[in-house]
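Notebook open, structure loaded. I want to look up a few things and jot down what I find.

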Amino acid sequence: MSVRERYRAFREWQRRPYMVAPLSEEAHDCLTCGTHYVGNFCPRCGQSAKIGRYSFKKALLLFIDVWGMGNRGMFRSLRDLILRPGYMIRDYLNGMQMAYFPPFKMLFLLTTFSILLNVYGINIRGEVVNSREHDREELAQALAQTKEEADDPTGKMFAERMAKGVGWYLNAVEKYPSAVTLTYIVFFTAFFYIFFHKSRTIPNLSFPEFLIAMVFSANMLSIYEIVAQFLCIKSDAVNAGLLLTTAIPMKQLSGFSWFRTLLSMITAVLLMAILATIGLVAFIIVSVL
């Protein structure tokens, strides 16, 4: 098979929805409730017909089930978010929800796992790289310098208020990382929805549906960031490249061209930047008054 044929087959697989296993025609006696039935799962208690003696694989799945990942939906979701994110989101929004891991639960798990990598040095070098503490120190130094260089009481008061605001934000990030991440996602969704709600794949895409899509997209980005953290790959170019990957699910979900997808994303980000600048100017004016 040529490279072109392999790529064509991959593209067909990307677009194809997940195929549920066919219903078994074998008769079973449930090992939990004793119900006699035909199919893959017991209709009374829901236990799988494949339950049998324990193996190393089953023991491992039981262990990771403590973290909410001991089911095939989690691994399938991770795979599809890497290889076919927008199509997976489309399938989920169209009702195929049992096949995939819940998006918000995945968000909390990935956020927690990212913190473990960041704080406890779980990477190929075994180095503890607490980037949040580093960012806190840099911001503290910058604000202290701004306060020292201020020539009047108004400037010093503004620097003090900025320091308090930044300190509050950093504390919130450390104590409630998942909540802060979800707040960011909702904020981005409000602007991206303006340009992507007329999806060609899902007519009349609602705001809650698009919020789910954005949460899945954030999960995809978290997967890439976790891999980069584990491999100790960190640079501005890498961070910019990771952010650009969010265009993939947006294009696949919306059905837009690459040009329209990127243009819509850039416009949404510029709109956010303008409103953020207006908010900062308003904060400065209030501080001075």
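Is the crossing in which H4 passes H9 left-handed or right-handed? I looked, and H4 passes H9 in a right-handed crossing; the term applies if the near helix is turned clockwise from the far one by less than a right angle, and left-handed is for anticlockwise.

Ground rules before I go on. I am working with a predicted model, where local features need pLDDT of at least 70, side-chain atom pairs count only at pLDDT 80 or more, and totals for chains, interfaces and linings use all residues. Residues are numbered from 1 along each chain as its sequence is written, and side-chain values use heavy atoms, with hydrogens and water left out.

**Entry: H4 against H9**

I got the geometry next: the axes of H4 (residues 85-93) and H9 (residues 207-230) come within 10 Å and cross at roughly 145°. Axes here are lines fitted to C-alpha atoms over the stretch in contact, with angles from 0 to 180 degrees between N-to-C directions. From H4, the contact (heavy atoms within 4.5 Å) uses Pro-85, Met-88, Ile-89, Tyr-92 and Leu-93. H9 brings Glu-209, Ile-212, Ala-213, Phe-216, Ser-217 and Met-220. I sorted these by class and got nine nonpolar, one polar and one charged. Nonpolar covers Ala, Val, Leu, Ile, Met, Phe, Trp, Tyr, Cys and Pro; charged covers Asp, Glu, Lys and Arg; the others, Gly among them, are polar.

**Entry: H9 and its two ends**

H9 has 24 residues and spans 34 Å from first C-alpha to last, close to the expected 34 Å; the expected span is 1.5 Å times one less than the number of residues. In the loop between H8 (177-196) and H9 I found Asn-204, whose phi is positive, near 55°. Most residues other than glycine have a negative phi. Asn-204 is exposed, at 74% relative accessible area; exposed means over 50%, buried under 20%, partly exposed in between, with a 1.4 Å probe and protein chains only. Just after H9, Cys-232 also has a positive phi, about 60°.

**Entry: Thr-189**

Which residues does Thr-189 contact, leaving aside neighbours within four places in sequence? I found Phe-207, Phe-210, Leu-211 and Met-214. Thr-189 is in helix H8 and counts as buried, at 0% relative accessibility.

**Entry: whole chain**

I count 12 helices and two strands; helices are DSSP runs of H or I with at least four residues, strands are E runs of at least two, numbered from the N terminus. Of the 289 residues, 32% count as buried.
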